[in-house]
Amino acid sequence: VSSDSKDLIVTAGSCVFNINTKTWYTNYWVFAPGFKNNLAPYGFWSARSLMAPAGWTVYGNLNYDVGFVALSTLGGWHIQDYLGSQGIGFN
C-alpha cells in the first residue's frame, strides 16, 4: 500500500490476529512476496507492527477481516521502493 512510511502492506485480519485465542501473530511474522516452490525471490520481510480493526479483533466480524502490517526494511530498502505499491481507498 502506498504510504508515507513506504513499509505498509494489507492482508486479512485473520493473518495478523487470532480471534479464538485473542492474540496477535507477532512471533516470526514475515512477508515473502512472490513466494513459490519454497523460493522467496524478493526475500523475507519481517513485521515491526501488526494492526487490525476492533470489528475483527474484538467481535470477529468477517466484514472487518482486514489487517495491516508495517514491515521492517530489508537490506536498507523499504518494500515500496523495492517492489512498488498501489493506493488504497475506503468508502
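Which residues point one way from β6, and which the other way? G67, V69 and L71 point one way, F68 and A70 point the other way, and all are buried. The model is a predicted one. The protein has 2 helices and 6 strands, and an open sheet of 4 strands is part of the fold. The structure also holds 2 salt bridges, described below with the segments they link.

**Overall layout**

- Along the sequence, the elements follow the pattern β-β-β-β-β-α-β-α.
- The C-alpha trace spans about 35 × 30 × 20 Å along the principal axes of the protein.
- Of the 91 residues in the protein, 27% are buried.
- The protein exposes about 6,100 Å², and carbon and sulfur atoms supply 52% of that area.
- Taking contacts between residues at least 6 apart in sequence, 58% join residues at least 24 apart.

**The open sheet**

- Strand order in the sheet is β1-β6-β5-β4, and the pairing is antiparallel.
- Strands β1 (8-11) and β4 (30-31) stand at the edges with a single partner strand each, so one side of each has no neighbour in the sheet.
- Strands of a sheet pair through backbone hydrogen bonds, in either a parallel or an antiparallel sense.
- β1 and β6 run antiparallel and are joined by 4 bridges. Within β6, G67 is the residue that stands opposite T11.
- β5 and β6 also pair in the antiparallel sense, over 4 bridges. M51 has F68 of β6 as its bridge partner.
- β4 is joined to β5 (residues 45-51) by 2 bridges, and these two strands run antiparallel. The bridge partner of F31 in β5 is W45.

**Burial of strand β6**

- β6 covers residues 67-71 and is mostly covered, with 5 of its 5 residues buried.

- Side chains of opposite charge can pair when their charged atoms come close.
- K6 forms a salt bridge with D81, and the closest N and O atoms are 3.5 Å apart. This pair links distant parts of the chain, as K6 is in the segment before β1 and D81 is in helix α2 (residues 79-83), 75 residues apart.
- Both partners in that pair are partly exposed: K6 has a relative accessible area of 32%, and D81 has one of 40%.
- R48 forms a salt bridge with D7, with the closest N and O atoms 3.1 Å apart. R48 lies in strand β5 and D7 in the segment before β1, so the pair ties together parts that are 41 residues apart in sequence.
- D7 counts as buried because its relative accessibility is 4%, and the cut-off for burial is under 20%.

**A47 in strand β5**

- A47 is placed in strand β5. A47 counts as partly exposed, at 25% relative accessibility.
- Apart from neighbours within four places in sequence, A47 is in contact with W29, V69, A70, L71 and S72.
- A47 and D7 are 40 residues apart in sequence, while their C-alpha atoms are 9.3 Å apart in space.

**T57 in helix α1**

- T57 is placed in helix α1 (residues 54-57). T57 is buried, with a relative accessible area of 13%.
- Not counting residues up to four places away in sequence, T57 touches F17, K22, W24 and A52.

Technical notes. Residues numbered from 1 in each chain as written. Predicted model: local features only at pLDDT ≥ 70, side-chain atom pairs only at ≥ 80, totals over all residues. Heavy atoms only, no water. Pairing = 2+ DSSP bridges. Buried < 20%, exposed > 50% of the residue type's maximum accessible area, 1.4 Å probe, protein only. Contact = heavy atoms within 4.5 Å. Areas by Shrake-Rupley, 256 points an atom, 1.4 Å probe, with all protein chains shown as cover. Salt bridge = Lys/Arg side-chain N within 4 Å of Asp/Glu carboxyl O.
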